[in-house]
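Please read them with the structure open beside you.

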Amino acid sequence: MNSLNKRLEKGDLSRFLSDHGENDVLFFSEIKTAVKDKPIYVALKHALRDLGFCHVLWNWCAKDSNNYGTAIFSKIAFKSHTFGMCTSQDNAHTSHDDPEGRVITTYMDNFAVVWTYAPCSALMEDAPSTR
């Protein structure tokens, strides 16, 4: 996505939702914003609900809200979720081991989905990446 704010301002998110709104779940990485306490995101959440995406999860970077971050817009309810990776659904509600907002784990009745944002690196590098 590379910045939810930019995509909203340019209308890119609206076009994307028009083109892909038939999907049940949409995952976005690099939202690069904290959505708490911003009126535009309350309006966005209502608009998403009108399109059937009644279940919205935001995981922004706690260190620097201008970096990283992930979001899920879903028409399907999750049994539970956690921000970060969690070893079991039983402790999902207490886990938050992802200060950069790169991972959301969602749980259904019989399975879990780990949604991740992992930066790309070249296959062949002379020196390991610092990411």
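Two residues are in contact here when heavy atoms of theirs lie within 4.5 Å.

1. Leaving out residues up to four places away in sequence, T33 touches L4, N5, K38, Y41, W60 and S65. With N5 there is also a polar contact between the side chains, at 3.5 Å. T33 sits in the loop between β1 and α3 (39-50).

2. A word on the whole. Please keep in mind that this is a predicted model. The protein has three helices and six strands, and along the sequence they follow the pattern α-α-β-α-β-β-β-β-β. Of the 131 residues, 35% count as buried. The accessible surface comes to about 8,100 Å², and 52% of that belongs to carbon and sulfur atoms. Among contacts between residues at least 6 apart in sequence, 58% join residues at least 24 apart.

3. Strand β1 (residues 25-29) deserves a look. In a regular strand the side chains alternate between the two faces of the sheet. In β1, L26 and F28 make up the covered face, while V25, F27 and S29 make up the uncovered one. β1 pairs with strand β3 (residues 70-74) in the antiparallel sense, over five bridges.

4. Next, the aromatic residues. How many aromatic pairs does the structure hold? There are six aromatic pairs in the structure. One of them, F27 with W115, is stacked because the ring centres are 5.6 Å apart and the planes stand at 25 degrees, under the 30 degrees that the label requires. F27 belongs to strand β1 and W115 to strand β6 (residues 112-116), so this pair ties together parts that are 88 residues apart in sequence. F27 itself is partly exposed, at a relative accessible area of 25%.

5. F28 makes a pair of its own. Its partner is F73, and the two rings are tilted, with 4.9 Å from centre to centre and 50 degrees between the planes. This pair joins strand β1, where F28 lies, to strand β3, where F73 lies, so parts that are 45 residues apart in sequence are tied together. F28 is buried at 7% relative accessibility, and F73 is buried with a relative accessible area of 1%. Ring pairs link both into a cluster with F16, Y41 and W58. Y41 also touches T33, which brings us back to point 1.

6. Finally, V114 in strand β6. Which residues does V114 contact, beyond its neighbours within four places in sequence? They are M85, V103, I104 and T105. M85 is 29 residues from V114 in sequence, and their C-alpha atoms are 7.2 Å apart in space. V114 is partly exposed, with a relative accessible area of 40%.

Notes:
Residues are numbered from 1 along each chain as its sequence is written. This is a predicted model: local features need pLDDT of at least 70, side-chain atom pairs count only at pLDDT 80 or more; totals for chains, interfaces and linings use all residues. Side-chain values use heavy atoms; hydrogens and water are left out. Buried means under 20% relative accessible area, exposed over 50%, partly exposed in between (1.4 Å probe, protein chains only). Helices (H or I, at least four residues) and strands (E, at least two) are DSSP runs, numbered from the N terminus. Two strands pair if DSSP finds at least two bridges between them. Accessible areas come from the Shrake-Rupley method with a 1.4 Å probe; for residues, only the protein chains shown count as cover. A polar contact is a pair of N or O atoms within 3.5 Å; within protein, one must be able to donate a hydrogen and the other to accept it, and residues adjacent in sequence count only if both atoms are side-chain atoms. Rings of Phe, Tyr and Trp (its six-membered ring) pair if their centres lie within 6.5 Å; planes under 30 degrees apart count as stacked, over 60 as edge-to-face and the rest as tilted.
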